[in-house]
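Here is a short report on one structure. Look at the sequence and the model first, then read on.

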There are 2 protein chains.
Amino acid sequence: MADFSDLDGFRAALGALPELDATARDAAAERNGQLTKPPGALGRLEDIAQWYAGWRGDARPRIEAPQIIIFAGNHGVAARGVSAFPAEVTAQMVLNFEHGGAAINQLARAAGARLDVRALALDRPTEDFTQGPALLADDLVEALATGWDAVDPAADLLVVGEMGIANTTSAAALAAALLGGDAEHWTGQGTGVDGAEFANKISIVAEGVALHSGQGDGLETLRRLGGREIAAMAGAIARARALRIPVILDGFICGAAAACLAHTSPGAIDHCIAGHLSAEGGHGRLLNALDKAPLLALGLRLGEGSGAALAIHIVRAALECHSGMATFAEAGVSAG
Amino acid sequence: MADFSDLDGFRAALGALPELDATARDAAAERNGQLTKPPGALGRLEDIAQWYAGWRGDARPRIEAPQIIIFAGNHGVAARGVSAFPAEVTAQMVLNFEHGGAAINQLARAAGARLDVRALALDRPTEDFTQGPALLADDLVEALATGWDAVDPAADLLVVGEMGIANTTSAAALAAALLGGDAEHWTGQGTGVDGAEFANKISIVAEGVALHSGQGDGLETLRRLGGREIAAMAGAIARARALRIPVILDGFICGAAAACLAHTSPGAIDHCIAGHLSAEGGHGRLLNALDKAPLLALGLRLGEGSGAALAIHIVRAALECHSGMATFAEAGVSAG
């Protein structure tokens, strides 16, 4: 069960998260310098291996048990015509996840990852955030706890993904409220809106930001403009940190959840790496603001944790090289 | 055994390679439009799946048997001080590959790929190309045939990698001779040369280009400025096409091998995709010239097929999604 029963309890948990183990990271860096390759020749794989080693507190770790959790939620603002798909698709896609037919099912299997699905009160959409706060405090705490409790303590890498018709609208409003800038710079085409529908989406984001920005910290902003699945992602990301499980962030919505944590407690997402740059309009800007460089840039804009699930392969391969390669001495290879 | 016994025989084989099966590709595109995701939401994964389906002649394929082949060769120009490592490292690294200690061993295992290693006459380095042609025609044919014969007809995806001290020097000379431009625009730091050694490397590339450019087609340029492992890569890439096995290109040296084919027979590398953008100086320019957009850009500069081996995961995941996902009708999901 979650270690908190109200928002201040969650804030306290965020403030008490463990830090990277610099001793393990430094030992990993020393090992890296002895491996049979020119210095730096594995590029970002070398950085990833040392970052992961530091968070796991192990200079020569491997990835054996990645977990992917998909959170689903419904949004009142969907009634405003901001998505190319009707709101009932959220529940239909949850069934598709459970039956193994979605992209994330294939990607989880390919990555050797456990996949869990948590649908959050799909029959109770958030309030339309242009009319008032999206969530009550109790609902936010419940969603954070759902995410917190969904993380498997035995996992050694976490991906959180989402499904929720209209949630790019919510994520754009969160990003604009937390980071500033015009609604049009944060609003993307989501599942594929364009023309007048896209203009409508931008104006709805702007309305929500005007009503709710500057009203509190990242968690209060999450309550006002977010959604249950976004809050659950935030709860899971925080719990992973408490368990020293590194996290691969997915796309724009996942990034918005992470930004809510970072704007509540600086450093709260230091255990996170950006899995990919999505095609959703504001994602590059959001990653810049979070100071995260994406591992992949393949034009995905699906959500479901799909881009981060692909990045599991890269992170695991980095650790396979780091922990499995021979040193110059072991292999009898002349160092340069 | 190879289908050719001299260079003109190889040229004839290149001219007779099969083309993509447009019917299978179009059927894959039709299936793609029915899968449970917004149109285009899987980005480049969708393009990859259709490209792969076309080359395999199967609208719903999977990748079960990827093969990685590492070719090793020695270069006379290594005696000119163009590498940070001594020439004996080529043979030492071949032993490291055979004993499982190199990066590519870990990456092949992680990708579920068969790994083969072919050392080509390591005791007979090429001639120093600043003094004359690197290879005799018979030696080039033998190296092309080694590559041709190394491809497993049962493979369904091929990566070719290389090891050869000084082979970025050879690759830079090949690229400059085939594509034009100054030696300094094609010469990179390889295993890590800098300062005066880097300036020396550039001038050696320029000497070779001055002596050999404009003396024939891509294969004749390969004979004059290439090496046995580069020729073997070219032979393997061509054989893969004959067998309808798609190829993931690795870094700068692999790209130079591919360029030799493309400059002998236009379209000869249409079955190839670029696995990654390496950190080697001229690679981005080379990929532009080949009209190939890299899947990954992680700053690798190791060779050994390492970047392409990482990209196997992306290509396989693309096919898992394409061939494994449910359609809207199958899943009962409302289309947008």
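## A residue that reaches across

A:Arg109 sits in helix α5 (residues 103-110) of chain A. Helices here are DSSP runs of H or I with at least four residues, strands are runs of E with at least two, and both are numbered from the N terminus. The model is predicted: local features need pLDDT of at least 70, side-chain atom pairs count only at pLDDT 80 or more, and totals for chains, interfaces and linings use all residues. Residues are numbered from 1 along each chain as its sequence is written, chains are lettered from A and ligands numbered from 1 in the order in which they are written, and side-chain values use heavy atoms, with hydrogens and water left out.

Buried means under 20% relative accessible area, exposed means over 50%, and partly exposed lies in between (1.4 Å probe, protein chains only).

Now look at the partners. Setting aside neighbours within four places in sequence, A:Arg109 is in contact with B:Arg62 and B:Glu320. Contact means heavy atoms within 4.5 Å. The side chain of A:Arg109 also makes polar contacts with two side chains: that of A:Gln106 at 3.2 Å and that of B:Glu320 at 2.7 Å. A polar contact is a pair of N or O atoms within 3.5 Å; within protein, one must be able to donate a hydrogen and the other to accept it, and residues adjacent in sequence count only if both atoms are side-chain atoms.

A:Gln106 and A:Arg109 make their polar contact side chain to side chain. An α-helix has 3.6 residues a turn, so residues three or four places apart point the same way.

## Helix α5 in chain B

Turn to chain B. Helix α5 there (residues 103-110) is mostly covered, with 6 of its 8 residues buried. These are B:Ala103, B:Ile104, B:Asn105, B:Gln106, B:Leu107 and B:Ala108. What covers them? The cover includes α14 (306-324) of chain A. From chain B it includes β1 (66-72), α4 (89-99), β2 (114-119) and α14. Just after this helix, B:Gly112 takes a positive phi of about 65°.

B:Ala309 is found in helix α14 of chain B. B:Ala309 is buried, with a relative accessible area of 0%. Beyond its neighbours within four places in sequence, B:Ala309 is in contact with B:Ile68, B:Ile104, B:Leu107, B:Ala111 and B:Val159. B:Ala309 and B:Glu229 are 80 residues apart in sequence, and their C-alpha atoms are 18 Å apart in space.

## Loops

Two residues of chain B have a positive phi without being glycine. B:Ala166 has a phi of about 85°, and B:Glu304 has one near 65°.

B:Pro125 lies in the loop between β2 and α6 (137-150) of chain B. B:Pro125 is partly exposed, at 42% relative accessibility. Not counting residues up to four places away in sequence, B:Pro125 touches B:Asn74, B:His75, B:Gly76 and B:Arg228.

A:Thr264 lies in a loop of chain A, between α12 (252-262) and β5 (272-274). Which backbone atoms lie close to a polar atom of the A:Thr264 side chain? The backbone nitrogen of A:Gly218 is 3.4 Å away. The backbone oxygen of A:Cys260 is 2.7 Å away. Leaving out residues up to four places away in sequence, A:Thr264 touches A:Arg11, A:Leu14, A:Asp217, A:Gly218 and A:Leu219.

## Chain A as a whole

Chain A has 15 helices and 5 strands. The radius of gyration of chain A is 20 Å, close to the 20 Å that the globule rule gives for 336 residues, so chain A is as compact as a globular protein of that length. The radius is taken over C-alpha atoms, and the rule is 2.2 Å times the number of residues to the power 0.38. Along its principal axes the C-alpha trace spans about 70 × 40 × 40 Å. Buried residues make up 63% of the 336 residues in chain A. Of the contacts in chain A with a separation of 6 or more, 80% join residues 24 or more positions apart.
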